Amino acid sequence: MGRGELTDKAWARIEPLLPPVAGRGRYWRDHRQVINAILWKLRTGAPWRDLPERYGPWKTAHERLRTWTADGTWERILDHVVVKDDSVGNVEWMISVDSSNVRAHQHSAGARKKGDAPPDGSKPFAVDGEALGRSRGGLTSKIHLAVDGRGLPMSIILTAGQAGDNPHLLPLLDQINVGRDGPGRPRTHPDRVIADKAYSHPSTRAALRQRRIPFTCPERRDQVQQRYAKGAAGGRPPAFDQAIYANRNVVERCFNRLKQFRDLATRYAKRAAYYRAEIIIASIVLWLRTDLQDTA
(Lines give C-alpha, C1' and ligand atoms only; values in the text may rest on other atoms or scores of the structure.)
Protein backbone atom coordinates (compact mmCIF):
# COMPACT_ATOMS: atom_id res chain seq x y z
CA MET A 1 0.00 0.00 0.00
CA GLY A 2 1.45 3.35 -1.04
CA ARG A 3 1.11 6.74 0.61
CA GLY A 4 -2.43 8.09 0.48
CA GLU A 5 -3.91 4.85 -0.87
CA LEU A 6 -6.87 2.91 0.50
CA THR A 7 -6.14 0.82 3.57
CA ASP A 8 -7.39 -2.76 3.77
CA LYS A 9 -10.09 -1.73 6.26
CA ALA A 10 -11.27 1.16 4.10
CA TRP A 11 -11.34 -1.06 1.03
CA ALA A 12 -13.40 -3.67 2.90
CA ARG A 13 -16.00 -0.97 3.63
CA ILE A 14 -16.49 0.24 0.06
CA GLU A 15 -15.77 -2.86 -2.05
CA PRO A 16 -19.32 -4.29 -1.70
CA LEU A 17 -20.76 -1.00 -3.00
CA LEU A 18 -18.90 -1.10 -6.32
CA PRO A 19 -20.03 -2.76 -9.57
CA PRO A 20 -18.64 -6.26 -10.18
CA VAL A 21 -15.28 -6.28 -11.95
CA ALA A 22 -16.44 -8.96 -14.37
CA GLY A 23 -19.75 -8.55 -16.15
CA ARG A 24 -21.61 -6.97 -19.05
CA GLY A 25 -19.35 -8.76 -21.50
CA ARG A 26 -16.13 -7.15 -20.32
CA TYR A 27 -13.58 -7.29 -17.52
CA TRP A 28 -12.84 -4.04 -15.70
CA ARG A 29 -9.40 -3.20 -14.37
CA ASP A 30 -9.16 -3.79 -10.63
CA HIS A 31 -11.33 -1.22 -8.85
CA ARG A 32 -8.91 -0.72 -5.96
CA GLN A 33 -6.04 0.08 -8.31
CA VAL A 34 -8.16 2.60 -10.21
CA ILE A 35 -9.50 4.29 -7.06
CA ASN A 36 -5.93 4.60 -5.76
CA ALA A 37 -5.05 6.23 -9.08
CA ILE A 38 -7.84 8.78 -8.59
CA LEU A 39 -6.67 9.41 -5.03
CA TRP A 40 -3.12 10.00 -6.28
CA LYS A 41 -4.49 12.58 -8.72
CA LEU A 42 -6.46 14.28 -5.93
CA ARG A 43 -3.50 14.31 -3.55
CA THR A 44 -0.91 15.65 -5.99
CA GLY A 45 -2.93 17.82 -8.37
CA ALA A 46 -0.79 16.56 -11.25
CA PRO A 47 -2.12 16.17 -14.81
CA TRP A 48 -3.79 12.85 -15.64
CA ARG A 49 -1.06 12.03 -18.16
CA ASP A 50 1.55 12.05 -15.36
CA LEU A 51 -0.16 9.16 -13.55
CA PRO A 52 2.51 6.61 -12.43
CA GLU A 53 2.60 3.34 -14.36
CA ARG A 54 1.76 1.27 -11.28
CA TYR A 55 -1.82 2.62 -11.47
CA GLY A 56 -2.36 1.55 -15.07
CA PRO A 57 -3.48 3.73 -18.02
CA TRP A 58 -4.54 7.24 -17.08
CA LYS A 59 -7.48 7.06 -19.48
CA THR A 60 -8.87 4.11 -17.52
CA ALA A 61 -8.81 6.08 -14.26
CA HIS A 62 -10.36 9.15 -15.86
CA GLU A 63 -13.08 7.07 -17.54
CA ARG A 64 -13.91 5.37 -14.23
CA LEU A 65 -14.20 8.79 -12.58
CA ARG A 66 -16.51 9.91 -15.40
CA THR A 67 -18.64 6.76 -15.36
CA TRP A 68 -19.15 6.67 -11.61
CA THR A 69 -19.88 10.40 -11.56
CA ALA A 70 -22.61 9.84 -14.15
CA ASP A 71 -24.29 6.92 -12.40
CA GLY A 72 -24.00 8.37 -8.87
CA THR A 73 -21.66 5.70 -7.47
CA TRP A 74 -19.55 8.21 -5.51
CA GLU A 75 -22.63 9.70 -3.84
CA ARG A 76 -23.95 6.25 -2.93
CA ILE A 77 -20.63 5.41 -1.24
CA LEU A 78 -20.74 8.66 0.76
CA ASP A 79 -24.36 8.00 1.75
CA HIS A 80 -23.39 4.50 2.91
CA VAL A 81 -20.57 5.61 5.21
CA VAL A 82 -22.76 8.36 6.70
CA VAL A 83 -25.64 5.96 7.33
CA LYS A 84 -23.30 3.43 8.96
CA ASP A 85 -21.89 6.10 11.26
CA ASP A 86 -25.35 7.39 12.14
CA SER A 87 -26.57 3.86 12.94
CA VAL A 88 -24.07 3.63 15.82
CA GLY A 89 -24.72 7.20 16.98
CA ASN A 90 -21.48 8.76 15.73
CA VAL A 91 -23.05 11.48 13.58
CA GLU A 92 -23.45 14.70 15.58
CA TRP A 93 -26.48 16.58 14.28
CA MET A 94 -25.29 20.08 15.15
CA ILE A 95 -24.77 21.26 11.56
CA SER A 96 -22.29 24.03 10.71
CA VAL A 97 -22.47 25.80 7.34
CA ASP A 98 -19.94 27.92 5.46
CA SER A 99 -18.38 28.46 2.03
CA SER A 100 -14.87 28.75 0.63
CA ASN A 101 -13.57 30.15 -2.63
CA VAL A 102 -11.22 28.09 -4.80
CA ARG A 103 -8.93 29.56 -7.42
CA ALA A 104 -9.61 27.95 -10.79
CA HIS A 105 -6.64 27.22 -13.03
CA GLN A 106 -6.78 28.44 -16.61
CA HIS A 107 -7.01 24.78 -17.71
CA SER A 108 -10.45 24.60 -16.07
CA ALA A 109 -11.89 26.97 -18.67
CA GLY A 110 -13.01 26.06 -22.18
CA ALA A 111 -15.38 23.16 -21.54
CA ARG A 112 -17.74 22.39 -24.39
CA LYS A 113 -21.11 24.05 -24.09
CA LYS A 114 -22.91 20.75 -24.65
CA GLY A 115 -21.45 17.46 -23.49
CA ASP A 116 -22.14 14.05 -24.93
CA ALA A 117 -25.54 12.61 -24.11
CA PRO A 118 -25.20 10.66 -20.82
CA PRO A 119 -26.48 7.07 -20.56
CA ASP A 120 -30.02 6.41 -19.36
CA GLY A 121 -30.53 7.18 -15.68
CA SER A 122 -27.31 9.13 -15.31
CA LYS A 123 -26.82 12.82 -14.66
CA PRO A 124 -26.03 15.39 -17.36
CA PHE A 125 -22.55 16.85 -17.27
CA ALA A 126 -22.74 20.19 -19.07
CA VAL A 127 -24.23 23.04 -16.99
CA ASP A 128 -24.33 26.75 -17.66
CA GLY A 129 -21.09 28.41 -16.62
CA GLU A 130 -19.65 25.18 -15.16
CA ALA A 131 -19.59 26.89 -11.72
CA LEU A 132 -16.84 29.28 -12.84
CA GLY A 133 -16.98 32.96 -11.93
CA ARG A 134 -14.82 35.81 -13.15
CA SER A 135 -13.48 38.60 -10.95
CA ARG A 136 -10.35 40.71 -10.60
CA GLY A 137 -8.59 37.63 -9.30
CA GLY A 138 -9.54 35.60 -12.35
CA LEU A 139 -11.56 32.38 -12.46
CA THR A 140 -12.99 31.16 -9.16
CA SER A 141 -15.43 28.56 -7.86
CA LYS A 142 -17.11 28.44 -4.46
CA ILE A 143 -17.72 25.35 -2.33
CA HIS A 144 -20.76 25.56 -0.04
CA LEU A 145 -20.49 22.98 2.73
CA ALA A 146 -22.56 21.66 5.61
CA VAL A 147 -20.75 19.49 8.18
CA ASP A 148 -21.78 17.60 11.30
CA GLY A 149 -20.51 18.32 14.79
CA ARG A 150 -17.24 16.47 14.11
CA GLY A 151 -16.55 18.50 10.96
CA LEU A 152 -17.41 15.75 8.45
CA PRO A 153 -19.19 16.72 5.19
CA MET A 154 -22.95 16.17 5.05
CA SER A 155 -23.87 18.10 1.89
CA ILE A 156 -22.02 19.98 -0.86
CA ILE A 157 -23.02 22.62 -3.40
CA LEU A 158 -20.67 24.05 -6.02
CA THR A 159 -21.27 27.51 -7.53
CA ALA A 160 -19.43 30.30 -9.28
CA GLY A 161 -17.08 32.24 -7.02
CA GLN A 162 -19.22 35.39 -6.87
CA ALA A 163 -22.35 33.57 -5.64
CA GLY A 164 -23.75 34.68 -2.28
CA ASP A 165 -23.70 32.44 0.79
CA ASN A 166 -27.16 32.97 2.28
CA PRO A 167 -29.24 31.76 -0.72
CA HIS A 168 -27.57 28.34 -0.47
CA LEU A 169 -28.18 27.62 3.22
CA LEU A 170 -31.63 26.06 2.77
CA PRO A 171 -30.58 24.05 -0.34
CA LEU A 172 -27.66 22.65 1.69
CA LEU A 173 -30.05 21.54 4.42
CA ASP A 174 -32.45 20.09 1.84
CA GLN A 175 -29.64 17.85 0.57
CA ILE A 176 -29.16 16.24 3.99
CA ASN A 177 -30.97 12.92 3.82
CA VAL A 178 -29.50 10.19 6.00
CA GLY A 179 -31.22 6.83 5.61
CA ARG A 180 -31.71 4.35 8.40
CA ASP A 181 -29.69 1.17 8.77
CA GLY A 182 -32.99 -0.70 8.91
CA PRO A 183 -36.67 0.35 8.78
CA GLY A 184 -37.73 3.96 9.17
CA ARG A 185 -37.71 7.21 7.26
CA PRO A 186 -34.44 9.00 6.49
CA ARG A 187 -33.40 11.73 8.89
CA THR A 188 -33.33 15.22 7.42
CA HIS A 189 -33.80 17.41 10.50
CA PRO A 190 -30.66 18.68 12.32
CA ASP A 191 -30.66 19.49 16.02
CA ARG A 192 -29.23 22.95 15.32
CA VAL A 193 -27.66 24.98 12.51
CA ILE A 194 -24.65 27.25 13.14
CA ALA A 195 -23.53 29.86 10.59
CA ASP A 196 -21.66 33.17 10.43
CA LYS A 197 -23.03 36.64 9.66
CA ALA A 198 -23.18 35.98 5.92
CA TYR A 199 -26.24 33.82 6.59
CA SER A 200 -27.99 36.33 8.84
CA HIS A 201 -31.19 37.38 7.09
CA PRO A 202 -34.77 37.68 8.39
CA SER A 203 -36.12 35.38 5.67
CA THR A 204 -33.59 32.68 6.57
CA ARG A 205 -34.39 32.92 10.26
CA ALA A 206 -38.12 32.73 9.51
CA ALA A 207 -37.66 29.68 7.27
CA LEU A 208 -35.69 27.83 9.95
CA ARG A 209 -38.25 28.75 12.62
CA GLN A 210 -40.94 27.31 10.39
CA ARG A 211 -38.91 24.09 10.17
CA ARG A 212 -38.39 24.19 13.96
CA ILE A 213 -34.61 24.18 13.59
CA PRO A 214 -32.69 26.25 16.20
CA PHE A 215 -30.37 28.71 14.46
CA THR A 216 -27.23 30.19 16.00
CA CYS A 217 -26.01 33.13 13.92
CA PRO A 218 -24.85 36.63 14.93
CA GLU A 219 -26.80 39.60 13.60
CA ARG A 220 -25.17 41.88 11.07
CA ARG A 221 -24.63 45.46 12.17
CA ASP A 222 -27.00 46.95 9.58
CA GLN A 223 -29.77 44.56 10.70
CA VAL A 224 -29.28 45.62 14.31
CA GLN A 225 -29.54 49.28 13.30
CA GLN A 226 -32.68 48.66 11.26
CA ARG A 227 -34.31 46.87 14.19
CA TYR A 228 -33.46 49.72 16.59
CA ALA A 229 -34.76 52.30 14.11
CA LYS A 230 -38.19 50.65 14.15
CA GLY A 231 -38.43 50.92 17.91
CA ALA A 232 -40.91 48.55 19.54
CA ALA A 233 -42.04 47.39 16.09
CA GLY A 234 -38.56 46.06 15.44
CA GLY A 235 -39.10 43.19 17.86
CA ARG A 236 -36.63 41.45 20.11
CA PRO A 237 -33.12 40.51 18.97
CA PRO A 238 -32.73 36.89 17.89
CA ALA A 239 -31.30 34.53 20.49
CA PHE A 240 -27.56 34.07 20.21
CA ASP A 241 -25.31 31.83 22.33
CA GLN A 242 -21.60 32.63 21.98
CA ALA A 243 -20.58 29.29 23.50
CA ILE A 244 -22.56 27.34 20.89
CA TYR A 245 -21.29 29.61 18.11
CA ALA A 246 -17.71 28.72 19.05
CA ASN A 247 -18.38 25.22 17.69
CA ARG A 248 -18.65 26.63 14.16
CA ASN A 249 -14.91 26.24 13.69
CA VAL A 250 -15.44 22.60 12.69
CA VAL A 251 -16.51 23.67 9.19
CA GLU A 252 -13.35 25.76 8.82
CA ARG A 253 -11.27 22.76 9.85
CA CYS A 254 -13.11 20.62 7.32
CA PHE A 255 -12.19 23.02 4.51
CA ASN A 256 -8.57 22.84 5.66
CA ARG A 257 -8.63 19.04 5.51
CA LEU A 258 -10.29 19.00 2.08
CA LYS A 259 -7.73 21.42 0.67
CA GLN A 260 -4.91 19.12 1.73
CA PHE A 261 -5.90 17.45 -1.53
CA ARG A 262 -4.04 19.71 -3.95
CA ASP A 263 -6.48 18.97 -6.76
CA LEU A 264 -9.20 20.59 -4.64
CA ALA A 265 -7.16 23.55 -3.39
CA THR A 266 -6.92 24.65 -7.04
CA ARG A 267 -9.58 23.63 -9.52
CA TYR A 268 -8.26 22.03 -12.71
CA ALA A 269 -11.37 20.13 -13.85
CA LYS A 270 -13.29 21.68 -16.72
CA ARG A 271 -16.61 20.14 -15.73
CA ALA A 272 -18.27 21.21 -12.48
CA ALA A 273 -19.61 17.64 -12.16
CA TYR A 274 -16.07 16.21 -12.12
CA TYR A 275 -14.82 18.74 -9.58
CA ARG A 276 -17.82 18.10 -7.31
CA ALA A 277 -17.19 14.35 -7.64
CA GLU A 278 -13.60 14.92 -6.49
CA ILE A 279 -14.90 16.77 -3.43
CA ILE A 280 -17.23 13.85 -2.69
CA ILE A 281 -14.35 11.35 -3.01
CA ALA A 282 -12.23 13.42 -0.61
CA SER A 283 -15.22 13.55 1.77
CA ILE A 284 -15.49 9.75 1.64
CA VAL A 285 -11.81 9.53 2.62
CA LEU A 286 -12.39 11.87 5.60
CA TRP A 287 -15.37 9.81 6.79
CA LEU A 288 -13.49 6.53 6.45
CA ARG A 289 -10.42 7.88 8.27
CA THR A 290 -12.52 9.11 11.19
CA ASP A 291 -14.62 5.95 11.35
CA LEU A 292 -11.62 3.64 11.29
CA GLN A 293 -9.84 5.72 13.95
CA ASP A 294 -12.92 5.50 16.19
CA THR A 295 -13.08 1.72 15.84
CA ALA A 296 -9.35 1.13 16.19
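User: Which residues does Ala 109 touch, leaving aside those up to four places away in sequence?
Analyst: Good place to start: this is a predicted model, in which local features need pLDDT of at least 70, side-chain atom pairs count only at pLDDT 80 or more, and totals for chains, interfaces and linings use all residues. Residues are numbered from 1 along each chain as its sequence is written, and side-chain values use heavy atoms, with hydrogens and water left out. Contact means heavy atoms within 4.5 Å. With residues up to four places away not counted, the ones that Ala 109 touches are Leu 132, Leu 139 and Lys 270.

User: How far apart are the C-alpha atoms of Ala 109 and Lys 270?
Analyst: Ala 109 sits in the loop between strand S3 (94–104) and strand S4 (133–135); helices (H or I, at least four residues) and strands (E, at least two) are DSSP runs, numbered from the N terminus. Lys 270 is 161 residues away from Ala 109 along the chain.

User: Is Ala 109 buried, partly exposed or exposed?
Analyst: Buried means under 20% relative accessible area, exposed over 50%, and partly exposed in between (1.4 Å probe, protein chains only). The relative accessible area of Ala 109 is 24%, so the residue counts as partly exposed.

User: How is the pair of Trp 68 and Trp 74 classed?
Analyst: Rings of Phe, Tyr and Trp (its six-membered ring) pair if their centres lie within 6.5 Å; planes under 30 degrees apart count as stacked, over 60 as edge-to-face and the rest as tilted. The count by this rule is two aromatic pairs. In the pair of Trp 68 and Trp 74, the ring centres are 5.3 Å apart and the planes stand at 70°, so the class is edge-to-face.

User: And how is the pair of Phe 240 and Tyr 245 classed?
Analyst: Phe 240 is partly exposed at 36% relative accessibility, whereas Tyr 245 is buried at 17%. Their rings are 5.4 Å apart, centre to centre, with 55° between the planes, and this aromatic pair is tilted.

User: Which residue has its charged end over the ring of Trp 68?
Analyst: A charge sits over a ring if NZ of Lys or CZ of Arg is within 6 Å of the ring centre and within 35 degrees of the ring normal. Elsewhere, Arg 227 lies over the face of Tyr 228, at 5.2 Å from the ring centre. Trp 68 itself is buried, and the charged end over its ring, 5.6 Å from the centre, belongs to Arg 64.

User: Which helix gives the largest share of the lining of the largest cavity?
Analyst: On a 1 Å grid over the protein atoms alone, a cavity is a set of points where a 1.4 Å probe fits but cannot get out, a pocket is an open set with protein on both sides within 12 Å along at least five of seven lines, and lining residues have an atom within 4 Å of a point. The search finds one cavity of 30 Å³ or more, lined by residues including Leu 6, Trp 74 and Ile 281. Helix H2 (31–44), helix H4 (73–87) and helix H11 (272–295) each give two or more residues to this lining. The largest share, three residues, comes from H11.

User: How much space lies in the second largest pocket?
Analyst: Its lining has 23 residues, with Arg 205, Arg 209, Glu 219, Arg 236 and Pro 238 nearest the centre. Helix H6 (202–210), strand S8 (215–216) and helix H7 (221–229) each supply at least two of the lining residues. Grid points are joined across faces, edges and corners, and a volume is the space filled by probe spheres set on the points. For this pocket it comes to about 520 Å³.

User: What is the relative accessible area of Lys 41?
Analyst: Lys 41 is placed in helix H2. Not counting residues up to four places away in sequence, Lys 41 touches Ala 46, Pro 47, Trp 48 and Asp 263. Lys 41 is buried, with a relative accessible area of 6%.
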